[in-house]
Amino acid sequence: VSAAASFRSGAINVNTWLLFIQYACCFGVELTMNNAAALYFKEVFELSTESAAAIASIFGFMNLFARGLGGYVSDVGNKYMGMRGRLWAQTICLLLEGVLVLVFAQTNTLGAAITTMVFFSLFVQAAEGTSYGIVPYVDPPVTGVISGIIGAGGNTGAVCFGLGFRNLEYKTAFMLMGFTIIGSCALSFVIFIKGHAGL
């Protein structure tokens, strides 16, 4: 199969673009938080640059296991419910991620903000794992193209959310991010992969 034909097959699949949006709302959020978290803790809680950066690094630290945990949960869902289980794992992770962003935006104490961020980060990374639990099934002969397009969704999400943080107050930007993520989880209801059950 030529590269052009492979790309065409992956690009015309609606599921590719639905997962592109969902991946923008997990990996895109991670990239945004990597940039914004330290500044947020420094400005909102009046911490030193070093302290704010140390706290913000917890978000990235969760990558050591949370993304793999998402993949594992997706596999368990597949074991008992097939593709429907994978889609439910994806939907629940995105929903909890979005809810925790909204909670994070409302926290007024440093301890509560750190605790919420830990769980928020857990579900951000887990949603990335559940996304790639679905990717290989979308259209197996062109998995590489589909994987690349969906992966680019993360960078696209980071640009979009980054613009929000650049032009809005922190609380408003977090609220916008949270509601966008919650909205994206509804896309799981229209993901129908050939040969597999839908949500």
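Trainee: Which residues have the most contacts inside the largest nonpolar core?

Mentor: Happy to take you there. Please keep in mind that this is a predicted model. The residues with the most contacts inside the largest nonpolar core are Val29, Met33, Phe41, Phe104, Phe120 and Phe174, and the core has 49 residues. Two or more residues come from each of α2 (14-24), α3, α4 (49-61), α6, α7, α8 (143-167) and α9. Helix α7 gives the most to this core, with 9 residues.

At 0% relative accessibility, Phe104 counts as buried, because buried means under 20%. Leaving aside neighbours within four places in sequence, Phe104 is in contact with Met33, Tyr40, Phe41, Ala113, Thr116, Met117 and Phe174.

Some of those contacts involve aromatic rings. A pair of aromatic rings is described by the distance of the centres and the angle of the planes. A search of the whole structure finds 16 aromatic pairs. In one of them, the rings of Tyr40 and Phe104 have centres 5.2 Å apart and planes at 40 degrees, so this pair is tilted. The pair links distant parts of the chain: Tyr40 sits in helix α3 (residues 27-44) and Phe104 in helix α6 (residues 83-106), 64 residues apart. Tyr40 has 4% relative accessibility and therefore counts as buried.

Now turn to the other ring partner, Phe174. Phe104 and Phe174 form an edge-to-face aromatic pair, with 5.1 Å from centre to centre and 80 degrees between the planes. Phe174 lies in helix α9 (residues 170-185) and Phe104 in helix α6, so this pair ties together parts that are 70 residues apart in sequence. Both Phe104 and Phe174 are buried.

One cluster is formed by Tyr40, Phe41, Phe45, Phe59, Phe104, Phe120, Phe165, Tyr170 and Phe174. Look for Phe41, Phe104, Phe120 and Phe174 in that cluster; they are also among the residues with the most contacts inside the core.

Next come the charged side chains. Side chains of opposite charge can pair when their charged atoms come close. The structure holds 3 salt bridges. Arg67 forms one with Glu30, where the closest N and O atoms are 3.3 Å apart. Arg67 belongs to helix α5 (residues 66-81) and Glu30 to helix α3, so the pair ties together parts that are 37 residues apart in sequence.

Arg67 has another partner, Glu128. In this salt bridge the closest N and O atoms of Glu128 and Arg67 are 2.7 Å apart. Glu128 is in helix α7 (residues 110-138) and Arg67 in helix α5, a link between distant parts of the chain that are 61 residues apart. Glu128 has 1% relative accessibility and so counts as buried.

A further salt bridge joins Arg86 and Asp75, with the closest N and O atoms 3.0 Å apart. Here Arg86 comes from helix α6 and Asp75 from helix α5, so the pair ties together parts that are 11 residues apart in sequence. Arg86 counts as buried at 5% relative accessibility, while Asp75 is partly exposed, with a relative accessible area of 43%. Shared partners join Glu30, Arg67 and Glu128 into one salt-bridge network.

There is also some empty space to look at. Rolling a probe the size of a water molecule over the atoms shows where empty space is left. The largest pocket has a volume of about 160 Å³. It is lined by 13 residues, and the closest to its centre are Val73, Ala89, Ile92, Cys93 and Phe123. Helices α5, α6 and α7 are the elements that give two or more residues to the lining of this pocket.

Finish your look at Leu187, which is found in the segment after α9. Not counting residues up to four places away in sequence, Leu187 touches Leu18, Ile21 and Gln22. From Leu187 to Gly162 the separation is 25 residues in sequence and 22 Å in space, C-alpha to C-alpha.

Definitions and conventions
Residues numbered from 1 in each chain as written. Heavy atoms only, no water. Phe/Tyr/Trp six-rings, centres within 6.5 Å; stacked < 30°, edge-to-face > 60°. Helix = DSSP H or I, 4+ residues; strand = E, 2+ residues; numbered from the N terminus. Buried < 20%, exposed > 50% of the residue type's maximum accessible area, 1.4 Å probe, protein only. Salt bridge = Lys/Arg side-chain N within 4 Å of Asp/Glu carboxyl O. Core = buried A, V, L, I, M, F, W, Y, C linked by side-chain atoms within 4.5 Å. Contact = heavy atoms within 4.5 Å. 1 Å grid on protein atoms, 1.4 Å probe; cavity = no way out; pocket = protein on both sides within 12 Å on 5 of 7 lines; lining within 4 Å. Points joined across faces, edges and corners; volume = space filled by probe spheres on them.
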